[in-house]
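Here's a quick briefing to read alongside the structure. We'll start at the surface and then head inside.

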Amino acid sequence: MANLIGSRIIQSILPNIVKENIDVATFFALLSYVLFLVNWLVTTDWVEKLHLFSGATCAIGVFYLHYSEVEFLAKYEGPFVALWCMLLYYHYSTWRNNYSRVREELSGSTVAASMRPFQGSIFRFFIVHPMTKNASNQWNPPPFKNTIHVLLVAGYTFLLGLHAMPFVTPLHCLGPAGGDGLSFIGKLSLILTTSSQSSSMLCCRYNYAMQGFETHQMNRNYCSGRVRVAFAGSWSTGKTYLLGGLLGKNYSTAQSAPAPTTDKFVCIAAGSPYSDPIRSDDFAQRKHCEIMEHVNEVVRSNCGGMPLTNVLDVADTNEEFGDFVFFDMPGWQTEYGSDCAYRTYFHQLIDKVDFTYVVWDVNHGKIEDDFASFFQNKARGTNYELIYNRYTQSTVDMSFLNQQYAKMSTGVEILSEMYTTKVHENNTELADQFQEDILHLRSKIKSVNQTVHDNRKKMMKENLILHRNKMCGINALRRLKICDRLINEDLNLHVEPRTYHWQWMGLEL
């Protein structure tokens, strides 16, 4: 009350006598309200009071419980549903009894003059039979007392529908790619022929539950999409050269020079039918690199609306890594720390890829502090790993590498040779060892696949747990229940996913 009276608008409206005697004015306002309430309780019909209570209950159910207190509603869903059903039955049975009398009157051989205008009219559903007559002994016009029952039957039916919808899979999530652009019959055919545990549906249901938390939503292709592996590090540490060794040849835009071979962020989609920059109309390949545009959206929002232009999508015919997308990042340089676009793009891409190999060598291997900070909240072996490139036994310097690694970690963990991927110098003397190292690196990258998909599920589960108590909106109960099913079943790595026997009908039962 004090906050309300203290607002500027109220202060400008209130006369000075009220401002000077605010306590007395507040007392008389409350007294007037109590007297009005007592008068209403004494003088009005108890049936009208029940209807008012029922209307308030319905409004509270829709606009308060379902909209903003969905966690409380889910906890006590049984009693609330029982109350909605009881009031729905009361209003429907009352409406039906009233309408039966009206229908009998309108279909009889003699119809009261006041009732004739309602013959064949839609308004006959909203009236009750007149109960009083005028001075001429004619029935008064029928009152519209059935209107409240029609409205509340619709209101409680809508409420119960909100409780039933959590058991229906969102229609746009059905089918291997969500069924976008298909007719209802097309979507239905997809339901009948698609596995109930498809990854695209999992991702779509996750996005549905996370509506309103845009920064945590993900592209539908993410859950079942290719594993994204980035090669990062200081300048001229051999990132592009290593990628060429993995792919069997340099990708189409890689340069061959002793200087840094790329100043661009390059996305390489392996398993393509050609080796060239991805064509503008080749959406089948371009979708694998769409993360580049998502990162640029963050750059636009954080850096004055201008995107980073040094971005390139490349296709490669290598079939061995057809389930992977590689990212060749430019070597980090000190000046990037003060360039908003470069710094943001580096950070966001490292954050959004599934796994990062940090390439280091003793010749150019100082890890800049700004770059190292991108990894301080990541787990080595799960989110990133170090490659000791151009390794030779005579120049090995694990103490220096430990010093650099300390910048990327808490400074407590010690990095040993055993847990560092070593790639020898590719020279005449060590050419065979270099090929063995590349084969070892290939097998390590392939083993990342399952770890990545598990990490994706863990990340989705953590986001859902973090945001489940913040859900609001008219469909919040549906989102909350889908969220709980994802947390406890689909995204629980230690529990076999539940089989929904009615999934072919779009029902999660």
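Y33, V34, L37, V38, L41, V42 and W46 together make a nonpolar surface patch of about 730 Å². Keep in mind that this is a predicted model.

**More on the patch**

- Helix α4, residues 22-43, is the top contributor to the nonpolar patch, with six residues.
- V34 is part of helix α4, and its relative accessible area of 44% makes V34 partly exposed.

**Nonpolar cores**

- The largest nonpolar core counts 42 residues, and F265, M292, F327, F346, L349 and F371 have the most contacts inside it.
- Helix α15 (residues 340-352) gives the most to this core, namely six residues.
- Setting aside residues up to four places away in sequence, F327 touches R228, V229, A230, F231, V266, C267, I291, M292, L349 and V353.
- There's also a second, separate core of 30 residues, with V153, Y156, A476 and C483 among them.

**Around T169**

- T169 sits in the loop between α8 (147-164) and α9 (184-193).
- Is T169 buried or exposed? T169 counts as buried because its relative accessible area is 2%, and the cut-off for buried is under 20%.
- Beyond its neighbours within four places in sequence, T169 is in contact with L174, M201, R205, R478, Q503, G506 and E508.
- T169 and G506 are 337 residues apart along the chain, yet their C-alpha atoms are separated by 5.3 Å.
- With E508, the link is a polar contact between the two side chains, at 2.9 Å.

Note on methods: Residues are numbered from 1 along each chain as its sequence is written. This is a predicted model: local features need pLDDT of at least 70, side-chain atom pairs count only at pLDDT 80 or more; totals for chains, interfaces and linings use all residues. Side-chain values use heavy atoms; hydrogens and water are left out. A nonpolar core is a set of buried Ala, Val, Leu, Ile, Met, Phe, Trp, Tyr and Cys residues joined through side-chain atoms within 4.5 Å. Buried means under 20% relative accessible area, exposed over 50%, partly exposed in between (1.4 Å probe, protein chains only). Helices (H or I, at least four residues) and strands (E, at least two) are DSSP runs, numbered from the N terminus. Contact means heavy atoms within 4.5 Å. Patches are made of residues with over 30% relative accessible area and no salt bridge: like charges are joined within 9 Å, nonpolar side chains (Val, Leu, Ile, Met, Phe, Trp, Tyr) within 5 Å. Accessible areas come from the Shrake-Rupley method with a 1.4 Å probe; for residues, only the protein chains shown count as cover. A salt bridge is a side-chain nitrogen of Lys or Arg within 4 Å of a carboxyl oxygen of Asp or Glu. A polar contact is a pair of N or O atoms within 3.5 Å; within protein, one must be able to donate a hydrogen and the other to accept it, and residues adjacent in sequence count only if both atoms are side-chain atoms.
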